Structures are given as structure tokens and as C-alpha cells.
Amino acid sequence: MTAVPALVVEDLAVEFRTRSGTVRALERVSFAVPKGETLAIVGESGSGKSVTAYAVMGILDPAGRITSGRAMLGGLDLLAASADQVAAVRGREIAMIFQNPRTALNPIRTVGQQIADVLIRHANVPRREAPGRAVELLRDVGITDPARRAKAYPFEMSGGMCQRVMIAIALAAKPSVLIADEPTTGLDVTTQAVIMDLIGDLARDIGMATIFITHDLALAAQRADRIVVMHAGHVVENATTAELFARPRHPYTAELIAATPDAAASLAALASIPGSLPDLRRLDLPPCRYAERCPRRLGDCDAALPAAPAIPEHVVACWNPLS
Amino acid sequence: MTALVATMRHARYVVSENPVTGLSFGLFLLIVLAALFGPFLVPHDPLASNTTMALQPPSAQFWFGTDQLGRDIFSRVVVATRLDFGIAVASVVLVFCMGGLAGVAAGFFGGWTDRIVGRIADTIMAFPLFVLAMGIVAALGNTVQNIVIATAIVNFPLYARVARAEANVRREAGFVEAARLSGNGEWRILVFQILPNVIPILVVQMSLTMGYAILNAAGLSFIGLGVRPPTPEWGIMVAEGAAFIVSGEWWIAFFPGLALMIAVFCFNLLGDGLRDIVDPRRRT
Amino acid sequence: MPTLILKRLVMTIPSLIGVVIVTFLLTRALPGDPAAYFAGPAASTEAIEQIRKSLGLDQPLPVQFVDYVQALVRGDLGTSLTTGQPVAAEIAARLPASAELTLLGLLVSMAIAVPLGILAATRPGSMIDHACRIVTTAGVSLPVFFTGLILVYVFYYLLGWAPAPLGRLGIFDSPPPTITGFYLIDSLLAGDGTTFMASLKQLALPALTLGIFALAPIARMTRASMLAVLSSDFVRTARACGLASYTVVVTYAFRNAMLPVITTLGMVFSFLLGANVLVEKVFAWPGIGSFAVEALIASDFAPVQGFVLTMAVLYVALNLAIDLLYGLIDPRARMDA
């Protein structure tokens with residue numbers, strides 16, 4: 001890890017206030033992504049992957065509250081900055097693409113206009129030139145007949161094409177960090193690969209750091225340089241992809257790998273992880289939120305979570321890791 | 001039994017969560033009491049005129065003042081509750097039967113029944129509802145009974161649609177299939193399996209439309225349809241007081257109008273509250 | 001867009017047929033003697049018989065229906081017993097007064113309700129949100145004639161700001177030359193500021209009454225749909241793109257949120273056209289509503305029937321306009337056509 005980090009997240013904690021109690025959605029979440037690299041955040045649904053991204057982007061639901069942490073983008077702490085400062089950086093320095101691209105685009109505005117909106121706001125493109133630049137961007141993301149497509153509405157396009165449009169919007173201002181939240185969910189398998197290739201290629205072109213959020217460990221293994229494994233709002237393990245697969249140290253990571261179809265020798269060997277995510281509203285949550293599902297639980301597990309060093313090579317939040 | 005207990009518990013939760021709903025339950029009881037016992041409780045004869053006491057402002061003797069004929073407005077407002085409430089209840093019960101049955105039949109049988117009921121509902125909806133009600137009362141004859149019928153007819157599409165939707169989703173439901181397989185005829189299924197499931201939703205609909213029914217009836221009598229003077233009724237009392245507003249005798253129109261407003265407000269809140277109890281999913 | 005217009009026009013045909021059948025049935029197929037209705041309460045037996053003949057009521061029902069439709073096509077709505085004038089001419093002369101009042105009422109309520117709903121949705125839990133909730137709950141409970149009378153009492157009797165509630169102009173004002181029939185527009189076209197102000201003063205209270213009446217459903221719908229849109233995926237995208245909050249709220253959220261509000265306008269118009277009758281009675285407004293009320297009291301049926309038909313046709317036309325407006329904003333509706 002010699003490269004300069006593009007984004008560093010440290011000790012992030014997020015709560016949601018609901019009718020039925022406070023959900024402690026994230027605790028002590030830390031990771032960093034260097035320029036030009038791809039970091040995957042992997043976990044089951046409900047593990048806090050998307051909440052992490054939303055917190056960093058400053059687009060949390062109004063019920064959500066960031067209770068601690070820093071998110072350093074260059075010299076700016078996104079979590080401490082004013083709303084205007086963050087809005088000026090979003091889309092310019094740090095961009096995001098979402099799952100379900102068809103609903104993520106404004107249904108009654110042409111895709112060309114939607115790209116132009118971002119260009120005018122962030123890329124210092126004059127209003128008159130924006131539509132033309134939008135067409136160029138559509139061509140860059142591999143849309144055929146971009147001039148005609150720019151005048152189309154999202155409902156007239158396929159999901160894959162909408163995701164290309166999303167990518168064009170996100171990369172319009174050539175940001176230094178891209179967060180891709182399950183960008184291939186809802187797309188068919190061949191389109192998935194194409195979209196992932198496209199994101200990879202474009203990221204390489206502008207030397208951008210990519211944070212790739214997925215529940216699919218196999219996909220993360222193919223695309224990411226480093227993988228952060230999340231469970232119930234905690235980062236349980238953080239290692240380079242090769243290291244993680246060669247020597248998983250957290251019991252949960254090991255179970256995840258065993259449960260990945262690619263890793264299993266046959267369907268019979270495909271393991272499922274016992275138990276489910278704990279209810280994060282509980283007041284008696286154990287320090288390690290995996291403890292109640294863990295086959296390697298020790299007495300220490302109920303005392304505290306091991307302190308994680310800031311940005312080392314291989315982090316594991318476990319008192320009794322696999323060796 | 002356990003279902004009833006659960007409903008009661010949920011009802012208590014809704015009332016405690018939302019004191020406004022509790023207030024509206026209280027108001028509702030007051031209205032029902034006034035409708036049942038009003039004529040026996042009022043201090044003055046609502047029809048007795050006394051020209052020496054005409055146009056008196058509210059006082060200890062006449063709480064809401066007197067009108068141009070010296071009649072006690074408080075007594076008239078209280079006594080009118082029975083007629084206004086009665087018209088609203090009658091019209092809502094009538095449309096509950098007409099719209100409920102037509103809608104359930106449309107949703108359950110589909111086909112032509114569905115098309116005919118749908119067409120009737122669409123045609124009614126093509127009119128501004130109050131205007132249609134005016135036309136119906138004018139054509140059927142200027143009586144209270146016809147106000148009830150007109151109010152029921154303009155509400156018909158609402159009930160028919162709700163009932164149709166509810167019956168339609170249940171047409172192929174497991175318990176209906178089970179009843180069918182055990183040899184029950186379609187009509188039997190309709191009456192014993194579908195109707196009981198649709199009725200709670202329609203009851204909520206009834207309380208939601210009670211307010212509108214009262215407003216509609218009072219509007220019709222305000223323009224001189226249905227109720228005839230000197231019968232005490234809120235709409236016609238406001239109409240009688242309207243002429244005195246410009247000369248400053250505000251109380252003649254104000255109190256019956258206020259009673260009308262409170263009744264409608266109460267029914268609207270009650271409807272919302274009842275919907276929360278019957279259908280917790282739709283809570284906002 | 002032309003195909004959309006054509007398609008919507010075709011879709012109104014069943015409604016219009018339904019409206020014509022219902023208005024026909026209201027007069028002919030009901031219990032009682034329609035000839036007696038049309039002849040009025042004071043008519044003699046011979047007069048009733050004569051009316052029966054002249055209206056073709058002695059013919060079989062289908063023949064009567066054909067006659068009725070033919071008369072409608074000619075623009076013949078019968079003759080008013082009380083004034084002796086053709087109903088169609090009376091309605092045409094009075095329609096602008098009603099239209100001006102209703103449209104201004106709608107304008108007033110939109111001008112208040114839409115910003116209120118948006119502010120409430122963008123600041124949940126704030127004072128303005130609570131204000132919006134009170135307005136929407138209390139607003140639907142207000143009998144429109146009662147609101148009108150209270151406004152008259154406060155602004156005419158107590159404060160003396162408004163003129164007497166007696167029609168479109170004061171006794172000493174003369175109406176502007178008729179171009180559109182809307183006094184506000186006609187007086188402006190004639191460059192007559194005095195008449196403009198006079199008619200505006202007369203319009204203010206009845207329009208406000210109607211505005212308050214329509215406030216609740218519009219504000220409620222604006223708030224609800226704005227809340228839904230603000231939590232939608234594409235607004236999240238717009239915010240993640242760092243678009244200025246004005247762009248997010250107005251260009252992205254507001255335009256989408258207006259779609260359900262426009263749909264609600266159909267229902268609002270149904271209520272407004274009905275409320276219009278009551279407001280016209282309160283303010284002695286010489287529109288078609290008070291025309292119908294006068295005829296109702298006199299048991300003069302032809303004007304009532306003409307009024308119901310006119311209102312229904314107007315309502316169908318308004319719904320058509322709403323559909324087209326929707327299509328103008330939403331490209332998906334255009335594509336369906």
C-alpha cells in the first residue's frame with residue numbers, strides 16, 4: 001500500500017431512529033481506497049454496505065444520523081463539511097452509481113438533459129455546449145447512435161443502457177472516487193460483465209478509485225484489488241483479494257467463501273451460513289455481532305471488539321481468528 | 001375471540017398513539033346522544049316562535065341566540081342533529097348495500113357484471129357529484145327521502161370500486177378455492193366467503209364518507225332542496241341566517257354551520273382512525 | 001401529441017353518451033309525470049297535455065330519446081318557464097360568470113396549496129408541516145357556504161374591506177364590453193382600470209371561498225406526492241450528483257410530484273363545480289349555478305336539466321384538458337397513445 005489514498009473512512013458510526021427503537025446500523029467502520037484501485041465492500045443484505053456509501057455521500061435518509069467518524073476525500077472531511085461544500089464535491093470529486101438504473105434516472109427528463117445537468121453544474125461546461133458534450137459522453141459509455149439516444153427517456157431504454165447512462169452521469173466531471181452500489185443488480189448476466197468491464201476501463205482511463213459494493217463475493221474476487229467484508233454494520237475483515245481468499249482469518253469470511261458457488265466443488269459442498277443477522281435495535285447486542293452465529297466463540301468475544309489498526313495490510317476483527 | 005382481543009388492543013394503541021382519534025370518538029358519542037335524546041333535553045321548543053324575542057344575540061337564556069322568529073337556536077341546532085345524522089346514516093347504509101353488493105358481484109363474477117357495474121360507476125363519475133345530486137333530487141321530487149337516495153347514488157362509484165377490488169383479489173384465494181372444492185356453489189361462496197372479508201373495508205369506507213354525506217345533504221338543503229322550513233336542519237338554518245350576516249346577526253348562521261363543521265370534522269377523523277384500526281398497513 | 005389528443009377525445013365519447021342518457025333518464029323514465037314537471041306546479045290539465053304533445057312525451061321512449069338527442073345537437077335545451085327564454089341562451093349568457101369565479105378559485109387554491117405542500121414535504125416535522133396538516137384536515141370539513149358567510153361577516157360587515165356580496169359588480173359600475181365574458185379580462189382589454197378593480201373586489205371573497213374549499217385536497221396531494229418523490233431513487237441520484245438543491249427540488253422533484261396533483265385536479269373540479277352552486281347562492285353571483293337554484297325553487301325543470309348537462313359536459317372537457325396537460329409533462333403518457 002504505497003499509493004496515496006483517494007478516500008479514507010475512519011471509525012464511521014451511523015444510527016437510525018425508528019418508531020421501534022434506535023438501529024445502530026454502522027459502528028467503527030474504517031477502510032481506505034488508493035487512487036486507481038478497486039475496493040469491494042462485501043456482505044449480506046442488511047450488513048451496512050449501502051448505508052456506508054450513503055453516509056459518505058451525505059445522502060442518508062433523514063432518519064439516519066452519523067454519530068462519529070471521518071471520511072477524508074483529499075483534504076476535505078465529507079462528514080464534517082457543510083451541506084453546500086459536500087454538494088459542490090458530490091458529482092465532481094466523488095460520484096455514485098446505483099442498483100436498478102431504470103428507477104435511478106428521472107423518468108420525465110431525457111437522458112441527454114440529465115447528463116447536461118451534471119456537466120453544467122460540475123464540469124464548467126457552458127449551458128449551450130452541454131447537450132453536445134452529453135452526446136459525446138453517451139458515445140464514451142458505448143451507446144450506439146448517441147445523438148438520438150440523448151433525446152430518449154429512461155423508460156424507452158433497456159436496464160443495461162440506463163446503467164450506461166448512469167455511468168456517463170457519474171463520470172461526467174471525471175471524479176477521483178466512484179462508488180458503485182450493486183451496479184449490476186437487475187441486469188442480465190451478459191450485460192453485467194459488460195457494465196463491469198466498462199466501469200473498470202473508464203476508471204483506469206481517469207485514474208479513479210472505485211468502491212464496488214456487492215453481495216457477490218465471486219464478482220468481488222474478479223474485479224477488486226482489495227475486499228472489505230462487512231457483517232451487521234461492522235467491518236470484520238479487510239485484506240487484498242488474493243490474501244483474503246488464500247488465508248481468510250475471520251470465521252465469517254471463511255463461511256462466506258465456503259458459501260460461494262465458485263469456491264465449492266459441488267452443489268452438495270455448498271455451505272450455508274447458520275443463523276441470520278442480529279436485530280440491530282437490540283440493546284444487548286454483543287460487542288462482536290457475529291458472536292451468536294460463530295462456531296469459534298470464546299469468552300473474550302463478549303468483552304469488547306478487538307481494536308483495529310488504521311490502515312494495515314490485513315485487518316481482522318476477531319479474538320480467535322483462523323490462522 | 002383472540003382476534004377480537006387483538007383488535008381491541010390495537011384500537012387502544014391507536015387511540016393512545018393519536019389522541020385526536022380519541023377526541024373524535026368522544027365527539028361521535030356526543031353526536032349520537034344528541035341525535036337520540038336531543039329533543040328531550042333542549043331548553044326550548046325548537047319550533048316555538050316568539051317575535052318579541054327575535055334576533056337576540058347569545059345570552060344566558062338563549063345560548064346561541066334567537067332567529068328572526070325568536071326561536072331558540074341552541075335548541076334547533078341540537079334537535080337538528082337527528083335529521084342530519086339520520087340522512088347521512090341512511091344514505092351511507094343505502095350505498096353500502098347497493099355499492100357493496102354491486103361491487104362484490106362485479107369483482108367476483110367478472111365478465112358482463114363487471115362491465116355493467118363499471119360503466120354505471122364511470123357514468124356517475126362523469127358528473128360533478130353535487131350537481132348530479134341536485135339533478136336527481138329535482139327529478140325524483142323535492143323530499144328528504146330523495147336527498148338520501150341522491151347522496152347514496154353519488155357515492156355509489158366509491159363503494160362499488162372498493163368492494164370490486166377487494167372481491168377480485170379474493171376470487172382466486174386459497175380459502176375460496178377450498179370452499180369451491182368442497183362443493184359450495186358460487187353464490188354460497190359469495191355470501192359466506194367473500195362478503196365477510198369485504199365488509200370491514202366497506203365499514204371504513206362508510207365512516208370516511210359519512211362526513212361527505214352530511215355535507216352533501218346540508219348543501220342540498222342550503223339551496224332549498226329536501227328539507228322545508230320550519231324543520232330544524234343545519235343546512236337550511238345556515239341558509240335562513242345568511243340574509244342576516246350582512247346586517248351583523250352572525251349567530252343565526254354561525255352555530256348551525258359550526259355544528260355541521262364539527263360533525264363533518266369528527267366523522268373524517270373517525271374514518272381515518274377506523275381505517276388505522278381495521279387496516280394497520282395503510283397507516284400514514 | 002396529436003395522436004394523444006385524438007385518442008383522449010375518442011375516450012370521452014362513452015362518458016358523453018353516458019351523460020346524455022342519464023340526463024334524459026332524469027326527466028323521462030322516472031316515477032311521476034314528466035309533462036307535469038315541465039309544465040310546472042301551477043299548470044292546468046290541458047296545459048300539461050299540450051306540453052306532453054309539444055315535447056313528444058306521448059311517443060315511445062326510444063323515439064323520445066332520438067328527439068332529445070336531435071334537440072341537443074341543435075343546441076336546444078328547452079325553454080325556461082319562469083323567464084320564457086331558451087335555456088341554452090340563458091346558460092351561455094351566465095356561463096362566463098361561473099367560469100371566471102371557478103377558475104379564479106382554482107388559481108387561488110393552487111397558489112396557496114402547492115407551495116404549502118412543497119414546504120411541508122421538504123421540512124417534515126416543522127411548523128409549516130403541522131400547519132399543512134391542520135389545513136388539510138380542517139379544510140375538508142368546512143361546508144363551503146359556511147366559509148363564504150364567515151368571510152362576508154368578517155370582511156364586509158366587520159372590516160368593511162369587501163363590497164356587499166351582491167353579484168359581479170357594484171350597483172353603480174357598468175360591465176365592460178363583452179369579449180371573453182370574463183370581467184377581469186374584458187376590463188383590462190378595454191383599458192378600464194376602475195371596472196377591473198371593481199370586479200376584482202367583487203370576485204375576491206367568492207373566489208377565496210372556493211379557494212379555501214379546494215385547498216385541502218391539493219395541499220394534501222402535493223405534500224404526499226412530494227414526499228414520495230423526494231425519497232425516490234432518481235432524486236437520490238440527483239442529490240448524489242451534487243446538483244444544486246434548487247435543481248433537485250424544482251426540476252427533478254417538483255415536476256414529477258405534479259403528476260399525481262394534476263390527476264387529483266379531476267376530483268377537485270368535481271367538487272369545485274358543485275361548490276360553485278353554493279358559493280353563487282351565498283354571493284348572489286349571476287352564474288349558471290344560481291340560475292339552476294332559482295329554477296329548482298320554482299320547479300322549473302328545463303333549466304335544471306340544461307344546467308346538469310352543461311356542468312357534466314364542462315366536467316368531461318376539463319378532465320380531457322387535465323389528461324392532455326398530464327401528457328404534456330409525462331412522456332410516458334404520450335407514448336401510450
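**Note on a predicted three-chain model**

1. E90(C) counts as buried, because its relative accessibility is 14% and the cut-off for buried is under 20%. This is a predicted model. E90(C) sits in helix α5 of chain C, which runs over residues 87–122. Which side chain does E90(C) meet in a polar contact? The partner is T83(C), and the contact is 2.7 Å.

2. The UniProt record, an unreviewed entry, lists "transmembrane region" for several stretches of chain C. Look at two of them in the model. Residues 103–122 of chain C are 100% helix and 0% strand. The end C-alpha atoms of that stretch are 28 Å apart. Residues 307–329 of chain C are also 100% helix, with 0% strand. Here the end C-alpha atoms are 33 Å apart.

3. A39(C) belongs to helix α2 of chain C, residues 34–39. A39(C) is buried, since its relative accessible area is 13% and buried means under 20%. Now find A302(C). Along the chain, A39(C) and A302(C) are 263 residues apart.

4. **Chain B in outline.** How many helices and how many strands does chain B have? The count is 10 helices and 0 strands. Read along the sequence, the pattern is α-α-α-α-α-α-α-α-α-α. The C-alpha trace of chain B spans about 75 × 45 × 30 Å along its principal axes. Chain B has 284 residues, and 51% of them count as buried.

5. **The annotated domain of chain B.** UniProt, again in an unreviewed entry, gives the annotation "domain: ABC transmembrane type-1" to residues 81–271 of chain B. In the model this span is 84% helix and 0% strand. Its end C-alpha atoms lie 19 Å apart.

6. **Helix α3 against helix α6.** In chain B, helix α3 covers residues 73–109 and helix α6 covers residues 144–170. Their axes come within 5 Å and cross at roughly 35°. The crossing of α3(B) and α6(B) is right-handed. What kinds of residue make up this contact of α3(B) with α6(B)? There are 23 nonpolar, 8 polar and 1 charged.

7. **Helix α3 against helix α8.** α3(B) also packs with α8(B). The angle is about 145°, and the axes are 7 Å apart. α3(B) passes α8(B) in a right-handed crossing. The contact of α3(B) with α8(B) has 25 nonpolar, 3 polar and 2 charged residues.

8. **A cis peptide bond.** Check the peptide bond between P229(B) and P230(B). It is cis, with omega about 10°. Where does P230(B) lie? P230(B) is in the loop between α8 (186–222) and α9 (234–245) of chain B.

9. **Positive phi in chain A.** Two residues deserve a look here. D11(A) is not a glycine, yet its phi is positive, about 55°. D11(A) lies in strand β1 of chain A, residues 5–18. A232(A) is a residue other than glycine, and its phi is also positive, near 50°. A232(A) lies in the loop between β9 (226–231) and β10 (234–240) of chain A. A232(A) is buried, because its relative accessibility is 0%.

10. **Cysteines.** A disulfide is a covalent bond between the sulfur atoms of two cysteines. How many disulfides does the structure hold over all chains? The answer is 0. C97(B) has a relative accessible area of 40%, so C97(B) is partly exposed. C132(C) has a relative accessibility of 1%, so C132(C) counts as buried.

Terms used. Residues are numbered from 1 along each chain as its sequence is written. Chains are lettered from A and ligands numbered from 1 in the order in which they are written. This is a predicted model: local features need pLDDT of at least 70, side-chain atom pairs count only at pLDDT 80 or more; totals for chains, interfaces and linings use all residues. Side-chain values use heavy atoms; hydrogens and water are left out. UniProt positions are given in the numbering used here, feature names are shortened, and annotations may be inferred rather than shown by experiment. Helices (H or I, at least four residues) and strands (E, at least two) are DSSP runs, numbered from the N terminus. Axes are lines fitted to C-alpha atoms, for helices over the stretch in contact, and angles run from 0 to 180 degrees between N-to-C directions. A crossing is left-handed if the near helix is turned anticlockwise from the far one by less than a right angle, and right-handed if clockwise. Ala, Val, Leu, Ile, Met, Phe, Trp, Tyr, Cys and Pro count as nonpolar, Asp, Glu, Lys and Arg as charged, and the others, Gly among them, as polar. A disulfide is a pair of cysteine sulfur atoms within 2.5 Å. Buried means under 20% relative accessible area, exposed over 50%, partly exposed in between (1.4 Å probe, protein chains only). A polar contact is a pair of N or O atoms within 3.5 Å; within protein, one must be able to donate a hydrogen and the other to accept it, and residues adjacent in sequence count only if both atoms are side-chain atoms.
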